[in-house]
Amino acid sequence: MKIGVIDVGGGLRGIYAAGVLDACLEEGITFDVGIGVSAGSANIASFAARQKGRNYRFYTEYMARKEYMSLSNFIFKKSYVDMDYVYGTLSSSDGEDPLDYDTLMHNPINFITVALNAATGKTTYFDKSHLAQNNYDILKASSSIPFVCSPYFIDQVPYYDGALGDPVPIEKAFSLGCDHVVLILTKPKDFRRTIGKDQLIASFIRKKYPLAAEELIKRADKYNHEMELAKKYEKQGKVLIIAPDDTCGVDTLTRDINALKKLYEKGIHDGAQIPQFFENIM
């Protein structure tokens, strides 16, 4: 029996998934496959490193710093969120809150990070072989929101947020051999994405990255289609969907500490569904 977990990310709404995963750590729950999209990749990394509470600190403490995300970053570094500060300065072995690299690498979980090749428009699935001590570039690439951030370069290849390529990678999880999957969303289960501001943001990046812009325009359809698949699998007992009943006013870049804490507590509460799911399928 192989069980996977997917964290679809969602900027600072990812604190909900951080709560779900901390609940799993508290209960000693492990997964065979962990797929992270965007901020979800960082959540899964800390989970695989068995660092309960680490993600919470990033969402509620460090995000308030101008070095983390700010208009000055956007003006001078061309990225509102400074990925090198988040996944380098803070997360390296000599940083303020280091990722436990050794534990992550020795954890048998098949850790997958989703990103979009901005030049080709193709989805890339990075694994642990692309990680190294103090080199967490794949997390930076997966979390680089178009326009808000510049694409992050790995080996001279530009990458954008994984949600442009595979926003709900449920099929990917099953292709990796999962029999069952826990899918963690950061918006209500019945939310349907619309093209909305994606069209506007696509216009900002189209000149330099036309293929990435096309994938951004397709994101809403991809998300909605993949959620339909997830619900189909849920009815078959193959998938457990964990989602907040509301987001407590938290959006992608919301800094309201009280709202963030409420959403985290929702995640802790909703994570209690997972042990029962495990009992039912074992």
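This is a predicted model: local features need pLDDT of at least 70, side-chain atom pairs count only at pLDDT 80 or more; totals for chains, interfaces and linings use all residues.
Leaving aside neighbours within four places in sequence, threonine 113 is in contact with Gly36, Ser41, Thr124, Tyr125, Phe126, Ile138, Leu139 and Ser142. Threonine 113 sits in strand β3, residues 110-117. Its relative accessibility is 0%, so threonine 113 counts as buried.

Now step back to the whole chain. It has twelve helices and eight strands. How does the radius of gyration of the chain agree with that of a compact globule? With 282 residues, such a globule would have a radius near 19 Å. The chain has 17 Å, which agrees. Along the principal axes, the C-alpha atoms fill a box of roughly 50 × 40 × 40 Å.

Next come burial and surface. Of the 282 residues, 58% count as buried. The accessible surface of the chain comes to about 12,000 Å². Carbon and sulfur atoms account for 51% of that surface. The chain has 33 positive and 36 negative charges. Their mean positions are 6 Å apart.

Valine 8 gives a local example. It lies in the loop between β1 (3-7) and α1 (15-27). With 9% relative accessibility, valine 8 is under the 20% cut-off and therefore counts as buried. Not counting residues up to four places away in sequence, valine 8 touches Val37, Pro167, Val168, Leu183, Ile184, Leu185 and Thr186. Valine 8 and alanine 163 are 155 residues apart along the chain. Their C-alpha atoms are separated by 7.6 Å.

Histidine 269 gives another example. Its place is in helix α11, residues 257-270. Is histidine 269 buried or exposed? At 60% relative accessibility, histidine 269 counts as exposed. Histidine 269 and valine 20 are 249 residues apart in sequence. From C-alpha to C-alpha, they are 7.6 Å apart in space.

Turn to the backbone. Most residues other than glycine have a negative phi. Phenylalanine 147 is not a glycine, yet it has a positive phi of about 70°. The residue is in the loop between α7 (137-142) and β5 (152-154). Phenylalanine 147 is partly exposed, with a relative accessible area of 38%.

Aspartate 155 also calls for a look. It has a positive phi of about 50°, although it is not a glycine. Aspartate 155 is found in the loop between β5 and β6 (157-161). Its relative accessibility is 71%, so aspartate 155 counts as exposed.

How many disulfides does the chain have? The count comes to zero. A disulfide needs a pair of cysteine sulfur atoms within 2.5 Å. Cysteine 178 is buried, with a relative accessible area of 5%. Cysteine 149 counts as buried, at 2% relative accessibility.

Note on methods:
Residues are numbered from 1 along each chain as its sequence is written. Side-chain values use heavy atoms; hydrogens and water are left out. Helices (H or I, at least four residues) and strands (E, at least two) are DSSP runs, numbered from the N terminus. The radius of gyration is taken over C-alpha atoms; the globule rule is 2.2 Å times the number of residues to the power 0.38. Buried means under 20% relative accessible area, exposed over 50%, partly exposed in between (1.4 Å probe, protein chains only). Accessible areas come from the Shrake-Rupley method with a 1.4 Å probe; for residues, only the protein chains shown count as cover. Lys and Arg count as positive and Asp and Glu as negative; His and the chain ends are not counted. The place of a charge is taken as NZ of Lys, CZ of Arg, CG of Asp or CD of Glu. Contact means heavy atoms within 4.5 Å.
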